[in-house]
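This report describes a single protein chain, moving from selected residues to the overall form. The sequence and structure are shown first.

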Amino acid sequence: MSCDTAAAPSEEFETARDWAFSHTGRNPSHRQYRETVTRFWRMTPTDGECL
């Protein structure tokens, strides 16, 4: 959160974690990170359900 550098999007937590460890190794003062999660939903109405 102390710079504008960001990891590439990934579906695997370990990819982001490894990037953060590597980034902190190169920039010891960078110790806080933000995770952004996108969650997709699909809703299917059942028979007789009002929309």
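In this predicted model, Thr-44 counts as exposed, because its relative accessibility is 65% and the cut-off for that class is over 50%. Thr-44 is placed in the segment after α1.

**Separations along the chain and in space**

From Pro-28 to Phe-40 the C-alpha distance is 35 Å, for a separation of twelve residues in sequence. Ala-6, by contrast, belongs to the segment before α1. Ala-6 counts as exposed as well, at 60% relative accessibility. The C-alpha atoms of Ala-6 and Phe-21 lie 13 Å apart, and these residues are 15 residues apart in sequence.

**Overall form**

How many helices and strands does the protein chain have? There is one helix, and there are zero strands. The radius of gyration is 18 Å, whereas the globule rule gives 10 Å for 51 residues; the value is well over that figure, so the chain is more spread out than a compact globule. The C-alpha trace spans about 60 × 20 × 15 Å along its principal axes. Of the 51 residues, 6% count as buried. The accessible surface of the chain amounts to about 5,300 Å², and carbon and sulfur atoms contribute 52% of this area.

**The two histidines**

His-23 and His-30 are joined through their side chains by a polar contact of 2.9 Å. His-23 is found in helix α1, while His-30 lies in the segment that follows this helix, which covers residues 13-26. Are these histidines buried or exposed? His-23 is buried, because its relative accessibility is 3% and the limit for burial is under 20%. His-30 is also buried, with a relative accessible area of 14%.

Leaving aside neighbours within four places in sequence, His-23 is in contact with Cys-3, Thr-5, His-30 and Tyr-33. With residues up to four places away again not counted, His-30 touches Ser-2, Cys-3, His-23 and Thr-24.

**The aromatic pair**

The count of aromatic pairs comes to one. The partners are Trp-19 and Tyr-33, whose arrangement is edge-to-face, with 5.9 Å from centre to centre and 85° between the planes. Trp-19 lies in helix α1 and Tyr-33 in the segment after α1, so the pair ties together parts that are 14 residues apart in sequence.

**The salt bridge**

Which residues form the salt bridge? A search of the whole structure finds one such interaction, and its partners are Arg-17 and Asp-18. The closest N and O atoms of this pair are 3.4 Å apart. This meets the salt-bridge criterion, because the limit is within 4 Å. Arg-17 is partly exposed, with a relative accessible area of 34%. Asp-18 is partly exposed too, at 44%.

**Side-chain pairs in summary**

The table lists the pairs described above.

| Pair | Kind | Value |
|---|---|---|
| His-30 and His-23 | polar contact | 2.9 Å |
| Trp-19 and Tyr-33 | aromatic pair, edge-to-face | 5.9 Å centre to centre |
| Arg-17 and Asp-18 | salt bridge | 3.4 Å, closest N and O atoms |

In summary, the predicted model shows a chain with one helix and zero strands. A polar contact joins the side chains of His-30 and His-23, and an edge-to-face aromatic pair is formed by Trp-19 and Tyr-33.

Conventions
Residues numbered from 1 in each chain as written. Predicted model: local features only at pLDDT ≥ 70, side-chain atom pairs only at ≥ 80, totals over all residues. Heavy atoms only, no water. Helix = DSSP H or I, 4+ residues; strand = E, 2+ residues; numbered from the N terminus. Buried < 20%, exposed > 50% of the residue type's maximum accessible area, 1.4 Å probe, protein only. Polar contact = N/O pair within 3.5 Å; in protein donor to acceptor, adjacent residues only side chain to side chain. Contact = heavy atoms within 4.5 Å. Salt bridge = Lys/Arg side-chain N within 4 Å of Asp/Glu carboxyl O. Phe/Tyr/Trp six-rings, centres within 6.5 Å; stacked < 30°, edge-to-face > 60°. Rg over C-alpha atoms; globule rule 2.2 N^0.38 Å. Areas by Shrake-Rupley, 256 points an atom, 1.4 Å probe, with all protein chains shown as cover.
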